[in-house]
Structure formats: C-alpha cells, structure tokens
Amino acid sequence: MTIGSRPAPFGRRAATVTARETYGAYVVLRCHDPGGPQPRAGQFYMLAAAERWGGGEAERPFLPRAFSVLRALERDLHFLLEDVGPGTSRLTELAPGEDLLLVGPLGNGFTGPREGRTPLLVGGGVGVAPLAIWQDQLGRAARALLGFRDRVHADGAALLHDPTIATDDGSVGYHGLVTDLLGEELDVRADQIEVYACGPPAMLEAVRAMCAERAVPGQLALESGMACGFGACFGCVVPTVHGYIRLCLEGPVLDAQVLPTAAIVGAGH
Amino acid sequence: MSVEFCGLELAHPIINASGTFDAIAARRAFGDQLIERFPFAAFVSKTVTLEPRQGNPPPRLWEVAGGLINSIGLPNKGLAGYLEQDLPELACLGVPLIVNVMGFSRAEVAHLVRAVSEREEVSALELNVSCPNVETGLMMGADPGEIAALLHRVRPLTDKPLIVKLTPSATDVPAVALAAFRAGADAVSLINTVRGMALDPRTGEPWLGGTTGGVSGPAIRPIALAQVHAVAEAVPIPIVAMGGVQRGRDAHDLMRAGASLVAVGTESFRDPAAGLRIAAQLADLTSTVRP
C-alpha cells in the first residue's frame with residue numbers, strides 16, 4: 001500500500017489555527033502546517049487542542065480525534081468539525097492563534113476512477129469533508145450529491161462546487177435521502193460511474209448495497225473509533241471479507257466490495 | 001543515562017508496554033524517521049499466542065476520564081507468523097527485542113518460551129499471565145501457587161531473561177511477585193490494565209464487543225504507583241513499571257517507588273513519539289542536583 005507522497009512526520013506537531021469559519025452547524029478550522037507533507041484526498045489527521053486536552057487537569061477529551069482533511073491549500077490544512085461530544089466541542093471553540101496538535105497525514109486516501117468511469121461523489125453530513133479535497137483534485141466536473149439533516153446542516157454544501165442537495169426535512173433541495181438521488185443516477189448510467197462516498201453508517205451501508213446490487217465500483221471513506229491512528233492500538237478494526245482490518249492502516253477508504261456491511265458498529269458518534 | 005537491565009545495556013530506561021506500539025505499522029505510517037528516532041530503549045512485542053487470533057469484535061475502545069477502556073482481545077499472527085514475518089523486520093529496529101507470550105496452558109507457554117528463546121534476535125521474554133489456565137480454571141497470574149507452577153515448568157527452558165507481567169487483579173500482587181522471583185523470574189513488570197466496563201448511553205447495553213475491557217491511561221497511575229511500591233518491598237529483582245505514564249515526572253515517580261525501567265503505553269496513542277519526550281524529561285529530572 002502506498003501512503004501519500006511522503007510519510008507523516010514522526011510524532012505530533014503543533015499547528016496554529018489561522019481561521020475559524022462557520023457553515024451552519026459546522027465549523028471549518030484552518031491551520032498552518034509548514035512541517036507536513038501534502039495530504040492525499042481521503043487521508044486523515046489525529047487532532048487535539050494543545051491546551052485543555054487531557055494530560056493536565058482536564059479529564060476529557062483525552063485521546064486525539066481522527067478527521068479526514070477537508071482541503072489542503074498552500075501549507076494550510078482545513079478540517080470540518082461538528083460539535084457532537086467533548087472532543088469536537090473543544091476543537092470547535094479554538095480561535096485563530098491557538099494551537100492544534102496533529103499527527104498525519106495518515107491512511108490511504110481515494111484512488112482515481114477505473115477506466116471508462118466518471119466519479120460521482122456522495123456525501124452525508126460532516127462526511128462531505130474528504131469529498132471536497134477529492135473534488136479539488138478531480139476537477140469541478142466531478143459531480144456531488146450531498147445529504148443533510150436540515151437547513152442549518154445543509155450550509156455545509158457550500159464547501160463543494162455545485163452539489164445536488166437532499167435534506168431529510170425538505171428544507172433545502174430534494175426532500176428525502178441522498179441515496180434516493182444516487183439511485184436515480186444509477187438507474188441511468190450505472191455502467192459509467194464510480195462512487196466515492198463518506199457519511200453516516202446507515203447512508204454508507206445503503207450506498208454499499210446499491211453498488212453491490214448494480215456492480216458499480218465504490219470507494220467508501222469509513223469511520224471507526226480510533227485511539228492512535230497509526231496501527232498501535234488495534235482499536236479501529238472493521239470486519240471485511242478478509243477478516244478484521246485496522247481502518248487506520250488499510251483505510252480509511254475501502255473498496256465497497258471488501259465490506260460485508262458499511263454500517264460500522266460504534267461509528268457515527 | 002544508559003541503564004543495565006537483566007544483563008541488557010539500554011540507552012535509557014523508557015520502553016513500551018506490550019500491545020501499545022506496533023513498530024511495523026508505525027514504520028508504514030512514518031517511514032524511516034521511526035527507526036532514526038525510535039522512541040524506546042527496547043521494543044516489547046504485542047502478545048504472541050500459539051495460534052493466530054482475530055481478536056474481539058468491535059467496538060473495542062471507550063474513552064473514560066483520564067484514559068480509555070480497551071477490549072482488543074490479543075489479535076496476532078500466532079507463533080509461526082510472528083517468527084517468520086515479524087521478528088526479522090523487528091530485528092532492524094536497532095534496540096533489544098523483548099517478546100511477550102501467552103499460553104492457555106503450561107504446556108502451551110512452554111512451547112512458546114522454547115520456540116521464541118531459540119531465536120537470536122530475541123533478548124528477553126515477557127510472560128503475559130493475565131489469562132485463564134484452561135486446565136485449572138485459574139488465572140495464571142492471580143495466585144502464587146499458579147505462578148510458581150508455571151515458572152517451574154518454563155524457567156529451565158531458557159537462559160534468556162524472563163519477565164513476568166503481573167496482573168493487578170491478583171488479591172495479593174506482592175505475594176505473586178515473590179512466588180515468581182522464588183521460582184526463577186529475572187524481573188517483574190506491572191501493572192497490566194485494570195478491568196472496567198462502559199455501557200452504550202443509548203441502549204444501556206455493554207458498549208465493548210468483549211463486554212468488559214482493560215482500563216489504561218493516567219486514570220490508573222496511582223494504582224500503578226501503589227502496586228510498584230508494594231512489589232519493590234517484596235522482591236529484590238528489577239521491576240518494569242507502567243500505568244498512565246505521560247511525562248518524565250510520572251516515570252521518575254515510578255523509579256523512586258522501585259522501578260528499574262518504565263514502560264509507556266496509552267500516551268503513545270496520543271503522541272507517537274511520547275517515549276522520546278518522556279525519556280528526555282526523565283533525563284532532565286535525574287540530572288538535576290537537588291539541594
């Protein structure tokens with residue numbers, strides 16, 4: 001397996017937050033990382049705040065959190081965050097000038113579409129993050145179908161170019177699931193598409209099943225609780241047809257075909 | 001600040017706790033910088049069992065205040081896979097290798113000790129006795145009689161240093177340590193993780209695939225300090241101490257309590273190079289002349 005153009009620097013390093021922007025329910029943190037290599041789309045970083053993150057008086061968060069890189073421009077890394085727990089809560093309150101501690105880029109990343117197929121990006125919620133950098137690399141012709149819960153989350157759609165939007169409550173775009181939109185595409189041109197997907201476990205499992213049913217190649221960026229991100233803890237395993245694999249080393253992007261299910265237990269927290 | 005441990009010359013007193021650092025995987029992630037700046041003075045393998053193990057079903061992790069609970073279940077390639085595939089690669093690390101083994105019977109441990117000890121790449125062995133003996137139903141490390149019987153069986157099989165990794169679940173840990181020493185152990189290591197549990201906040205069912213798991217991290221540091229202190233009073237052999245070490249000061253405390261070496265575990269998850277940082281901090285602390 002190849003990992004990026006250059007491996008991650010050994011050890012964690014400080015990266016100063018340069019900007020904090022909100023997109024509805026989401027926060028985009030930008031940080032300056034002069035010491036790191038350019039990440040591949042789909043790779044991830046382990047992030048922690050430099051202050052008040054375990055080790056001192058704080059009890060939680062304790063472990064760093066894994067985030068797919070949203071965008072990498074000049075020596076700036078962008079990460080998409082949603083406040084859903086103690087780790088993301090602490091990260092989303094970081095302000096420009098404060099430091100992140102990061103390790104990465106880690107994992108494998110997406111690979112280009114097979115001969116004769118065009119990419120179709122399918123994202124749900126905060127899972128749109130790796131699709132943004134992938135669209136940056138594929139070019140704006142790469143179409144994106146994005147699903148969100150409601151209007152405040154759908155603001156995250158602005159991170160990609162010209163996406164087709166679905167919302168659960170119908171407040172923006174199509175009223176229903178993003179996988180309905182995928183089904184319509186596959187009805188028309190299943191033989192011309194390669195699917196790239198990231199999102200909540202139920203969405204990914206629906207995408208996996210649709211790809212399997214119609215013999216469409218799919219690359220799924222998965223999530224699994226990780227303590228380390230570099231193969232040390234053996235905590236992030238997911239079941240595949242080859243047995244358990246460590247998602248941090250063999251993923252986070254997996255070929256849909258190796259997965260009996262993409263509904264990863266414990267993901268989506 | 002090089003140290004001598006059971007006849008091995010180590011560059012400093014910081015090593016890794018078994019099962020908390022996969023040097024082969026880390027080399028994939030970080031490249032040759034890992035070798036150039038290897039964070040530990042000796043490398044302790046993840047537990048090797050006779051047969052390959054897939055490990056426990058996920059989820060395997062749960063973060064708690066000041067640590068985590070893991071239910072990994074000792075996945076490994078088995079003895080043959082380890083000796084053929086991993087050991088030659090680990091020999092390139094440039095530090096002494098300590099191989100941790102676990103068997104489900106005394107005969108199985110004997111087989112593992114003999115096979116691992118034969119390999120010249122191996123400098124020392126560590127026995128994981130935090131598992132049930134299927135013949136007696138008792139945890140091998142939970143009872144002085146069990147540990148003595150195990151060591152009487154395996155001690156004669158190797159001239160290499162034998163380290164017994166004590167379980168913190170024993171009723172009387174110093175008594176187990178003493179039994180290990182009297183039966184020929186060269187060193188003891190402690191503490192292993194402490195049993196813990198978490199419930200899924202949404203369902204109230206056990207969160208971990210293995211139902212319960214082992215608590216590690218700074219949450220267990222005071223337990224480690226107390227057990228190391230008690231074991232140091234009981235046995236004259238070297239102690240490898242671990243449990244929630246995050247800084248040089250934590251390692252220094254364990255050495256003051258009687259440890260010869262200190263192992264870093266969970267902190268490497270937070271910072272892959274934690275071992276280097278802790279060794280440097282420890283060197284600063286021990287070189288400072290106190291009034």
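# Exercises on a predicted two-chain model

In this predicted model, 34 residues of chain A are in contact with 34 residues of chain B.

**Exercise 1. Describe the side of chain A that touches chain B: which elements give two or more residues to it, and how does it divide by class?**

Step 1. The elements of chain A that give two or more residues to this side are β6 (99-106), β13 (237-240) and β14 (243-246).
Step 2. Sorted by class, the side of chain A that touches chain B has 22 nonpolar, 9 polar and 3 charged residues.

**Exercise 2. Find the residues with the most contacts inside the largest nonpolar core, and the helix that gives the largest share of this core.**

Step 1. The largest nonpolar core has 188 residues. Those with the most contacts inside it are V207(A) and L220(A), together with L125(B), V188(B) and V262(B).
Step 2. Helix α6 (residues 173-182) of chain B supplies the largest share of this core, 7 residues.
Step 3. Take V262(B) as an example. Leaving out residues up to four places away in sequence, V262(B) touches P13(B), I14(B), A241(B), M242(B), V245(B), A251(B), L254(B) and M255(B).
Step 4. As background, nonpolar side chains tend to be buried together in soluble globular proteins.

**Exercise 3. Work out how α5(B) and α6(B) are oriented to each other, and list the residues that meet.**

Step 1. Helix α5 (residues 144-154) of chain B packs with α6(B) at an angle of about 20°, and their axes are 8 Å apart.
Step 2. Angles under 35 degrees count as roughly parallel, so α5(B) and α6(B) are roughly parallel to each other. Their crossing is right-handed.
Step 3. From α5(B), P144(B), I147(B), A148(B) and L151(B) take part; they meet A175(B), V176(B), A179(B), A180(B) and R182(B) in α6(B).
Step 4. This contact of α5(B) with α6(B) has 8 nonpolar, no polar and 1 charged residues.

**Exercise 4. Determine how α8(B) and α10(B) are oriented to each other, and which residues meet.**

Step 1. Helix α8 (residues 248-256) and helix α10 (residues 274-287) of chain B pack at an angle of about 60°, with axes 7 Å apart.
Step 2. α8(B) and α10(B) are therefore oblique to each other. The crossing of the pair is right-handed.
Step 3. In α8(B), G248(B), R249(B), A251(B) and H252(B) meet I278(B), Q281(B), L282(B), D284(B), L285(B) and T286(B) in α10(B).
Step 4. The residues of the contact of α8(B) with α10(B) comprise 4 nonpolar, 4 polar and 2 charged.

**Exercise 5. Is L276(B) buried, exposed or partly exposed, and which residues does L276(B) touch?**

Step 1. L276(B) lies in helix α10 of chain B.
Step 2. L276(B) has 19 C-beta neighbours inside 10 Å, so L276(B) counts as partly exposed; buried would require 20 or more.
Step 3. Not counting residues up to four places away in sequence, L276(B) touches R37(B) and P39(B).
Step 4. Between L276(B) and A224(B) there are 21 Å in space, C-alpha to C-alpha, and the two are 52 residues apart in sequence.

How values were computed:
Residues numbered from 1 in each chain as written. Chains lettered and ligands numbered in written order. Predicted model: local features only at pLDDT ≥ 70, side-chain atom pairs only at ≥ 80, totals over all residues. Contact = placed C-beta atoms within 7 Å. Helix = DSSP H or I, 4+ residues; strand = E, 2+ residues; numbered from the N terminus. Nonpolar A, V, L, I, M, F, W, Y, C, P; charged D, E, K, R; others polar. Core = buried A, V, L, I, M, F, W, Y, C linked by C-beta atoms within 7 Å. Buried ≥ 20, exposed ≤ 12 C-beta atoms within 10 Å, placed from the backbone. Axes fitted to C-alpha atoms, helices over the stretch in contact; angles between N-to-C directions. Parallel < 35°, antiparallel > 145°, perpendicular 65-115°, else oblique. Left-handed = near helix turned anticlockwise from the far one by under 90°.
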